[in-house]
Amino acid sequence: MQNRDESNPPDNDARFQEIPRERVADRVAQELMKLIATGKLMPGERLPGERQLAEMMNVSRVSVRAALQQLKAKGFVTAVQGGGTRVIAASDDQDSALAALVRENRKNLRDFAQIRVAIEAWAARQAAENATDEQIAEIKHALDVMTDPKRPEEYKAEDDVAFHMAVAKAADSVVYMHLMSGMGDILRETLDYHRYRLLATPADDRVFLQQHRKIFEAIQDGDGDAAAQAMTVHVKRALSAYSDPQELERSILDEDASGLALSGQL
């Protein structure tokens, strides 16, 4: 009987497979994806140019270009008009479709506001528990801009969005930031509708400023319960305008008589 020569294993042993070499472009794509997934690259943020990325990551521009094409195909980045690339949260078609649905009728607008109550209250709580000093300063800056008496009235909706996006950033959730970015257009449209059509009086402005201040103060104090409650009251104010005008009027009177009177703003 012939003994098996164990010192010379066969060349075609199926137990051992060749390990494929990973393309540099795949590694670049993975590294960029990690930055997006961890929030180090935020929705809407513009990436450095191909040449800069290639130099910083010590790879060729060809590899960077191929990596960006992979991320574009997966819907994580998009080309910027005039050159460059930015991070996205949802495709333009999806965002436009959502905006169209909400514009279609009052019920959809109310549904969107109800969803905002839930997710923005959660975000306010998260911000109170997780915000850094820098992020708190960003929320404070947004509030200061809103309360500037010299600020032109046409920026009311834009300033409101900036405040809510600052709170979103402070919530320290990449998923939430991408959700907010995906809803960006419709959020701007609805806030524009609130601030110029539904709730546009000087009394409304005072109430909104007071509500934003309460949200900020709760976040600054690290009080998650108070932050969530303040945000709930704030978003529900607009929600009540969609469903019951009398309820809205009662809400205005209640808040004017309590919070605003106590703060000396009336």
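A cavity is a set of points, on a 1 Å grid over the protein atoms alone, where a 1.4 Å probe fits but cannot get out. This is a predicted model, in which local features need pLDDT of at least 70 and side-chain atom pairs count only at pLDDT 80 or more, while totals for chains, interfaces and linings use all residues. Residues are numbered from 1 along each chain as its sequence is written, and side-chain values use heavy atoms, with hydrogens and water left out.

**Cavity**
- The model has one cavity of 30 Å³ or more, and the largest cavity holds about 50 Å³ of space (the volume filled by probe spheres set on the points, which are joined across faces, edges and corners).
- Its lining (residues with an atom within 4 Å of a point) consists of Arg116, Asp160, Leu191, His194, Phe208, His234, Val235 and Ala238.
- Helix H9 (184–198) and helix H11 (224–243) are the elements that give two or more residues to this lining; H11 gives the most, with three residues. Helices here are DSSP runs (H or I, at least four residues), numbered from the N terminus.

**Confidence**
- The mean pLDDT (the predictor's confidence in each residue, from 0 to 100) is 80, and 79% of residues reach 70 or more.
- Confidence is highest in helix H6 (residues 133–147), at a mean of 96, and lowest in helix H12 (residues 245–263), at 42.
- Where pLDDT is low, the predicted coordinates should not be read in detail.

**Helix packing**
- H6 and helix H7 (residues 156–170) pack at an angle of about 170 degrees, with their axes 9 Å apart (axes are lines fitted to C-alpha atoms over the stretch in contact, and angles run from 0 to 180 degrees between N-to-C directions).
- H6 is therefore roughly antiparallel to H7 (an angle over 145 degrees).

Conventions:
On a 1 Å grid over the protein atoms alone, a cavity is a set of points where a 1.4 Å probe fits but cannot get out, and a pocket is an open set with protein on both sides within 12 Å along at least five of seven lines; lining residues have an atom within 4 Å of a point. Angles under 35 degrees count as roughly parallel, over 145 as roughly antiparallel, 65 to 115 as roughly perpendicular and the rest as oblique.
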